[in-house]
Every structure is written in C-alpha cells, then in structure tokens.
Amino acid sequence: MSLITEYPAWFVIFCIALGLLYAGLLYYKNRNEEFSLTINRWLAVFRFLAVFIISFLLLSPMVKTVFRKTEKPMIIVAQDNSESLVIGKDSGYIKNDYTTKIDRAIDDLKEDYQVKTFTFGNKVTEGVNYNFKDKQTDISTLFDELAVRYSNRNVGALVLASDGIFNRGLNPLYTSDQFRYPVYTIALGDTALRRDVFVSKVNFNRIAFLGNQFPVEVILGANMCKGLKTTLSVSKGGTILHSENITFNSNRYFQTYRLQLEAGEAGMQRYTIRLSQVEDEISTVNNEQDIFIDILDSKQKILLLSTAPHPDISALKTAIESNYNYEVTEATINEYVGQIESFNLVVMHQLPDGGSKGNTIVARARENKIPILYIVGTKTNLDQFNALNTGVRIVTAQKSFNETLPVFNPEFTLFTLSETTLKAFSGFPPLLTLFGEYNTSNSVNTLFVQQIGSLVTDYPLVFFSQTLDSKTGVVAGEGLWKWRLQDYMKNSNHDAFNEVVTKMIQFLSVKVDKSFFKVKGENNFLENEPVLFDAEVYNQSYELINSNDVEMIIKNSKGDEYPFEFGKTANAYQLNAGMLPVDNYTWEARVREGENIYTDDGAFTVSPLNIEAINTIADHNLLFQISEKTNGMMLYPEEVQTLPELIRGREDITTITYTDRKYSELINIPWLFGLILLLVSLEWFIRKRGGSY
C-alpha cells in the first residue's frame, strides 16, 4: 500500500505549517493560565492534528493498493462420448482399460494444475462421461465454447480424446486456429478397414399422397465385402414391400438404388430399409434405417375456370402443378358442370364475364368460404367485378387498356420472395391492364404495383385482401404467359414465375384458422432432439390469454400414455417433453376456458439417428494435424500415462502472476472522519471542563 495525491508531495509542508500556525496562535501562551502546561500542550497537539488532517484531505489523497495473485496453469480434458468409439473391435478396451488410464492421468495432473473436464458429442457438458451414447459428434462446437469460456485465462493445454470422426459442425482443423495453447490428442478408435455393410443415406420426400407411388433413394456401402452377397429389403409393419439381392464387386462399394413404393395407407407411416448381415461383419447397427413418411389422403385441389382457352391458363396450370401438393382441374365456365365444394381454391380467368354462371360460381365459393383468385382481362365485366368487393374498384370512362410493368412493393408482408425471383421480375414484360382509376380499401396488401411507361404508380397490379373467414387475390391484367416465356429466355428455367404463382396459391388456399385453441409442433423429431410444442389460447375477443392450465397426453404405438402439462410464457404456453424413443406418437391436448373445453390433437414421429454407425473408420490424421498445428502431440491410448510428464516438461506451461492495482480516496475512509471528530471533541471537552469557552 502507498499514499499518493493529485498535488506534489511537498505540499504536505503547507499542511504541517497550517496546523502548527493554528495550534501556536491558540495555545502558544496561556495568558489567562486557564490550563496547566501539560494540558495546554495536549490541546495544541489535538488542534494541530485536526487541522493537519483536514488540510491534507484538501490535497485529494488516495490510497494505492497493489494485489498480487498467482494462477496455476489450467489443463482442459475433453472426452468424446459418441457411439462410434465403441462400435469397433476395441470397444471393450475403451470402456474399461482406457477409462481407467485417463482417470489416473487426470488425477496426476490435478496435483500441479487446475484441471477442467468436458464431454462432447451432441453437445458439450462439464465433467467426464463414459457411456458413449451420443448420436453425433461436433468437435467445432467444443472448440468454440472453450475459446469463449476460457478467454484470457492461463490455459496450459487441451487434451482431446477422440477418434477424429465428426459428423456435425465445421471442420475442427480450421476452428482450432483460435487456440494459443497446445492440443494433445488421444487417438481412439480403429483406422483399419473392417468388413461391414451399411445404409449410408436414404433420400425421400416426407409427404406422399394416398394411392400414388413415391420414390425412395437408398445409398448403401460396403467395406471388404468383394464377392459377398446381401439382400436389400424395404418393409412396413413386418410386411416386405421390396426385396432384391446385391453382390458386391469391390472392397470399397458405394451404390445408389432408386425404388418406387406404393402409398397404400394414410397417416404417418414407418418404413424400414435393411441390409442382411454378411459373414464376420464388424457391426450390424448400421445395416438398417427407418424413415417416416406422412401419407396424405388428398392433394390441395385447385379449380381453374376461364371464359375461353387462353395461353395464361396453360402457364398457370403448369406453374401450380410444379408443386406436387396441388392438383389442378381446368375448364371453361360454360363447360364446367361439377361442384366446387371439394376445391381449396378457385382461379377465375377473366371472370365474371357478364354471364350468370360466373356469378353463381362466385356466390357458391363465398358461401363455402373458398378463396378466389381473379385474373382481370379484356373480357372481364367491370361492373360485375366492382360489385364483388375484392378490395379494389376500377373506375374508367371507357373500356381501354394499358401495358403495365410489375414493380415489387417492399411493404408487402403476406409472404416472401427470393432475391433471385425479385431480380428476374424487374425485367419481365408488361401485362394488359384496364386504363382507369384504382380505388383500394385499407384491407388490400399489394405484391406488385403498376408501372405505366416510366411512371411507377400506386395502382395495384397483384394484390390480396382477407377477412376473418375468407381470402381474395387479384391479378389486374392478362398476359401471364409472357412472364413465363421471359423467365425461361433469361434464366433457362421457370423458377421465378413458378415461385410467384405457387406462393400466391399457397397463401390463398391455406384456410384461416380462427380456433380458440391451437397447438403447434413439428411432425418429425430425431431421437437426440427434445420434443417441443407451443400452444395458444384465445378468449371470445380473440385475445391471447394463459390463465388456465393446458394438459397434453402423448401416446406411443403400443398405447402407453405419457401425461404432460404446458409451462406458461408471457401470454402463451410451451412444452418440452424431452427426448422420446424412436416410434410413432399421437397426442391430444385440452384446456378449459370458462364453461368451454377446447381440444386439439395430432401426431408426430421420432426418427432414429444412426449417423455414428455409418462411418466407423477413425480419422487419426485429423487428430495429428490438429496437434501439429498447435504445437502439441498425438498419443495413442497405451501412452496416456505419459501425458502428465509431457505436460510438466513444457516450459511454456507455467504459473502466471497477476497484478491488480486499486485506488481509493482517503476521504472515503470512515475511521478517518471518526478520528477528526474525536480530536475536536476531546479538545472541546477538556476546554469546557477547564471552564474555558
């Protein structure tokens, strides 16, 4: 500790002089002989000290305190806990002998260093775990977390025990750039190529439609199996749907098999792709994979009506059918005799046209709350169109037309378009639109506005409006086929045009959900992911509330029930049901609101994750590169006991001394104020006792 001031040290002389002067003038000579010489001197000392301290405080003195702290080097030990470590032939050694050796090495290191241990796989956790059950390996996340957590700490070394196989995150060789300390790697696993057949990957669409065939692409591989045979089979519920024999023609075999399966049952269906075992196979865990496909009993049905054949009809139909979720029925208004109740959306090209049939279709659609997309053209009856209350009223003195370019409205919020599509539309040809004044209501949300010549107007070209129970879209011009041709001419595809049309159809065809209770969640989870749900409850004014409890029962395929209760958020609900076993599940949720009981139900699947079993060949080269790059060393499990001495032998792993300086103002010290008060109080008391003033 030391004492410093904002002024030169010799200013203390003035403080001493001031104290002496004050005490001398007052007590130099006791002319009235009120006090004895001894008391007089003591009073002078009290006055001197009080004045000196007060004047010294005017110099703003501070106490400087220097703290010195030592920090021993920190050794971080990170253990891979993924399944791939115990799939090979040395799994018994890793589970028993290796774990004993690494624990001894950790205990040895604790004698001289701070030791922090971590386990990594799906995620990073503190402490060492040897159950080897993690379904994925992410080394880069481990490196990132250590870099953040121990930034500016005295980290001596990182000990990374792994087989070098990573199947999630970035390449750890690049993320190790952030380390300024050596990485010692312990090379676990087996680098030898063992006999094994495995399902590498299965590509499939998660949605198919009842009665249709759907493709499944199986990528399978085999190591050291030349001349051997296996059987590829696909089954559902114990029934074999497809089977074929395969003969391997090389020791490093990879092949893609494309299958067509029949969607014969609606709902979430589980299919098992399996390869039969070969002789002396190292592991059979990777011989099969399960996939889950949601079989829908119908597509979204779109009715496309027109006054007469037109190039726009073909362009729209082709764009809509580019999405396999939609099924288009095309007809002219005079030919169509069917019902519209089964359709999800009606597209009316240049309708109404003045006839009564178009008005009948519109009335039936509105009665059944079926959305309508109007394409306004040269044959559209303007008076009938204006009477439909679509959100815009076109006022024109005489029926004449403009060529109008599309300009994207950046304030549009109903759905998003990709940057590529927006760029493509900036060069699209004009549509033929009615010339006149466009009066829009507040409910209109405009996607494209009209550009007439060089003037960008606020007139809508493509727009939407919606009420509580219906949606309406309008394209205020004909000639959409030119957009499709221009897209192909510029980009050699129809992606931009198809994206705009399918986004419009998707927005309009999705029904407005105004239920008072909604539960939202994914329909497929991986086995290492928590099952999450969100719920919303609305009152009769359609305001979010969460005053009552929401309960859910999850049921597996065997009928076992698991009850849960949602937790409350700010104004909604959330449930984390944890990680569930691989299976098909159904759920039912309920909540009581006043006298009403609202329910919701659904289904989901938990899919298996066998990625750790696909690649079982350890990548010791990666571990060696990380160690070389960071000036560390790669060790094998048999050499673990030498690790503590290797670390102790490094001169760059040393104890660090930190110096911390602290400054505090002397005037803030409470006991100093008490001392001044004591001095003046003693002087006052003695003077009063002696009868002085």
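Helices here are DSSP runs of H or I with at least four residues, and strands are runs of E with at least two, numbered from the N terminus. Residue numbers start from 1 along each chain as its sequence is written. This is a predicted model: local features need pLDDT of at least 70, side-chain atom pairs count only at pLDDT 80 or more, totals for chains, interfaces and linings use all residues, and side-chain values use heavy atoms, with hydrogens and water left out.

Cavities, then. A cavity is a set of points, on a 1 Å grid over the protein atoms alone, where a 1.4 Å probe fits but cannot get out. The structure holds 2 of 30 Å³ or more. Lining residues have an atom within 4 Å of a point. There are 14 of them, and L316, V475, L480, V501 and M504 lie nearest the centre.

Which elements each supply at least two lining residues? Helix 6 (311–321), strand 19 (372–375), helix 10 and helix 11. Helix 11 gives the largest share, 5 residues. By class, the lining has 14 nonpolar, no polar and no charged residues.

Now the helix pair. Helix 10 spans 480–491 and helix 11 spans 495–509; they pack at about 140°, axes 7 Å apart. Angles under 35 degrees count as roughly parallel, over 145 as roughly antiparallel, 65 to 115 as roughly perpendicular, the rest as oblique. So helix 10 and helix 11 are oblique. In contact (heavy atoms within 4.5 Å), L480, W483, R484 and D487 of helix 10 meet D495, A496, F497 and N498 of helix 11.

Note on methods:
Axes fitted to C-alpha atoms, helices over the stretch in contact; angles between N-to-C directions. 1 Å grid on protein atoms, 1.4 Å probe; cavity = no way out; pocket = protein on both sides within 12 Å on 5 of 7 lines; lining within 4 Å. Points joined across faces, edges and corners; volume = space filled by probe spheres on them. Nonpolar A, V, L, I, M, F, W, Y, C, P; charged D, E, K, R; others polar.
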